[in-house]
Amino acid sequence: MKYNKLFLILALATLLFASCKKDHYDTGNVHGVNAEGELLLPIGSTSLSLSEMIEKFKIDSIITCSEDGDLSFGIHYENLGALSGENLLKFKDLEYHEHFSFENPFPIVLPQAFDTVFHFDHTITFESDNIHVMEAMMKTGHFDFNLNSNIGLIQKLVIRTADIKDADGHDLVLDFDFNAGNIQFDLDGLHYSTDTANTLDLSYDLYVRLQSLLEHELYLDVDITGKDLAIKEMSGYVDAYDSRNTIDTTYNLLSGNVSGSLEVFGARLDLYERNTFDLEARLTVDTAWVFDDASVPYSIFGPEPLVVDIPTQFQFGKVLEKSLNGKISANTLGVFAVSCFTVNPFGLNDLVSVNDSCVIDVMVDAEIPFDFAVDDVRYIDTTVLNLSGVSKPEQIEKLTLELAFTSTIPLNMNAQFFTYDSVTEQITGVLVDEARLINGSFDGQPINTEVTLEVTGEKVENLLRSDRLISVYSLDTDAHDVVLNGQQQLDVFMKARVKYNGIVEFKTTE
């Protein structure tokens with residue numbers, strides 16, 4: 001009987017423990033058997049610590065292992081720029097209209113056209129909910145001017161203001177030829193300074209060619225719009241300013257095919273803040289819940305809101321440390337929180353400097369140690385089988401897998417193995433019913449477990465007409481509160497006992 005017709009005895013053992021990588025084999029002395037009876041084949045052995053398992057299963061990005069082997073889930077959340085000067089340093093869009101008019105007591109037809117200059121002054125007030133600017137460097141923004149008059153033909157408009165300086169520090173003078181009835185100028189990079197907060201004094205010199213003064217009322221309409229009025233840095237006064245934030249997220253602690261719950265003890269939550277404003281700040285957390293699909297939501301900070309005051313120019317530092325206990329799902333951890341960040345929460349009326357790079361930042365680090373009680377955590381794994389062309393050798397009467405485990409891990413593990421046909425979507429058979437594979441070590445001492453699994457002819461037939469192997473592993477701590485450590489270890493030794501009634505040939509490779 002050729003090797004590829006031997007029903008792949010060794011492959012079956014590998015399928016039953018697809019997650020257990022064999023690193024030692026002892027079959028070099030088995031090249032052929034020409035006898036009848038029973039054959040015992042050492043299949044392989046493996047020895048893995050929990051820290052090595054974490055690395056092999058590629059979950060070391062969420063599970064950390066200290067030098068002493070202490071294991072923990074690490075969850076990091078950050079909200080950089082939860083409140084920023086860039087959001088604060090803005091004026092509202094400006095819509096300004098002014099109508100200048102006067103009665104013409106002597107309507108007259110001019111003998112000839114002549115040029116004259118009309119002078120107007122007025123003050124623009126910028127609106128803002130929170131800032132009162134005395135001096136500023138403008139970041140963005142532009143003004144649009146639209147003029148309409150019956151005085152005559154408008155030729156030129158000259159705008160002057162001492163409140164805005166150009167790059168050389170001179171009063172801003174804008175000279176526009178007026179052709180289309182609309183003019184625009186940008187405020188980017190200009191320096192603004194005023195004696196009265198949020199105001200801008202402007203004067204207009206309107207150059208007009210008069211051709212007739214027959215109208216009984218002469219008028220000039222000035223429409224000014226200001227858009228995108230943002231400030232790079234300012235000196236002035238700041239009212240209390242709020243920025244609200246909501247967190248609604250779910251963290252995947254383990255893979256989605258894990259179910260059950262963990263009773264967690266001593267989880268730690270650390271809250272870090274930074275405030276680069278020259279203003280005091282405050283964090284108020286109105287609501288903060290941890291939840292999952294299996295348990296009642298848990299309030300992190302209690303029934304009262306959490307209030308944390310942050311001094312001026314405060315670099316990242318821990319402002320809160322919280323210890324948490326409770327039951328959570330084995331694979332998901334949901335967080336919902338509503339918070340408010342406030343600068344100048346006490347409304348102090350002090351002259352301050354603020355720039356657009358000022359920020360209030362928050363970072364949260366949560367560490368969930370592997371100090372818990374397990375309540376029926378179940379892990380389901382599906383292995384794709386490729387057994388096309390493989391047949392059961394008639395000489396084999398029975399295949400028995402003998403497994404020996406030595407464990408210092410404080411977890412009991414039971415297992416079930418089902419064969420499945422994905423075409424018919426039917427379970428084709430039960431390879432192994434609920435069986436205790438590993439007894440947990442709850443006193444720190446190695447504990448041995450021996451398991452014998454018989455694979456009968458019927459089970460082999462079911463396997464050969466299946467294309468999936470479904471493995472269900474159940475974990476529990478037998479009502480113990482346990483601590484997992486990366487140095488805890490599992491040793492496995494596997495043998496296959498084959499009973500046959502004919503001549504069977506084996507061909508092995510190193």
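A pocket here is an open set of grid points where a 1.4 Å probe fits, with protein on both sides within 12 Å along at least five of seven lines. Keep that in mind for the first stop. The model is predicted.

Stop 1: Go to the second largest pocket, with a volume of about 650 Å³. Select L269, V290, I300, V335 and V364, the closest to its centre of the 37 lining residues. Now colour the strands that give two or more residues to the lining, among them strand 3 (71-84), strand 14 (258-275) and strand 21 (359-369). The lining divides into 27 nonpolar, seven polar and three charged residues.

**Stop 2: strand 3.** Select G74, which lies in this strand. G74 is partly exposed, with a relative accessible area of 41%. Show I62 and A366; G74 touches both. Then pick T64: its C-alpha atom is 6.8 Å from that of G74, though the two are ten residues apart along the chain.

**Stop 3: aromatic pairs.** The whole structure holds nine of them. Select F73 and F370, a stacked pair at 4.9 Å centre to centre, with 25° between the planes. F73 is in strand 3 and F370 in the loop between strand 21 and strand 22 (371-384), so the pair ties together parts 297 residues apart in sequence. Both F73 and F370 are buried.

Next, select F417 and Y473. Their ring planes stand at 85°, so this pair is edge-to-face, with centres 6.0 Å apart. F417 sits in strand 24 and Y473 in strand 27. F417 is buried at 0% relative accessible area, and Y473 is buried at 9%.

**Last stop: a cluster and a charge.** Ring pairs link F91, F126, F143, F145, F185, Y192 and Y204 into a cluster. Finish at K156: its charged end sits over the ring of Y207, 4.6 Å from the ring's centre.

Methods:
Residues numbered from 1 in each chain as written. Predicted model: local features only at pLDDT ≥ 70, side-chain atom pairs only at ≥ 80, totals over all residues. Heavy atoms only, no water. 1 Å grid on protein atoms, 1.4 Å probe; cavity = no way out; pocket = protein on both sides within 12 Å on 5 of 7 lines; lining within 4 Å. Points joined across faces, edges and corners; volume = space filled by probe spheres on them. Helix = DSSP H or I, 4+ residues; strand = E, 2+ residues; numbered from the N terminus. Nonpolar A, V, L, I, M, F, W, Y, C, P; charged D, E, K, R; others polar. Buried < 20%, exposed > 50% of the residue type's maximum accessible area, 1.4 Å probe, protein only. Contact = heavy atoms within 4.5 Å. Phe/Tyr/Trp six-rings, centres within 6.5 Å; stacked < 30°, edge-to-face > 60°. Lys NZ or Arg CZ within 6 Å of the ring centre and 35° of its normal. Lists of a residue's contacts leave out its neighbours within four places in sequence.
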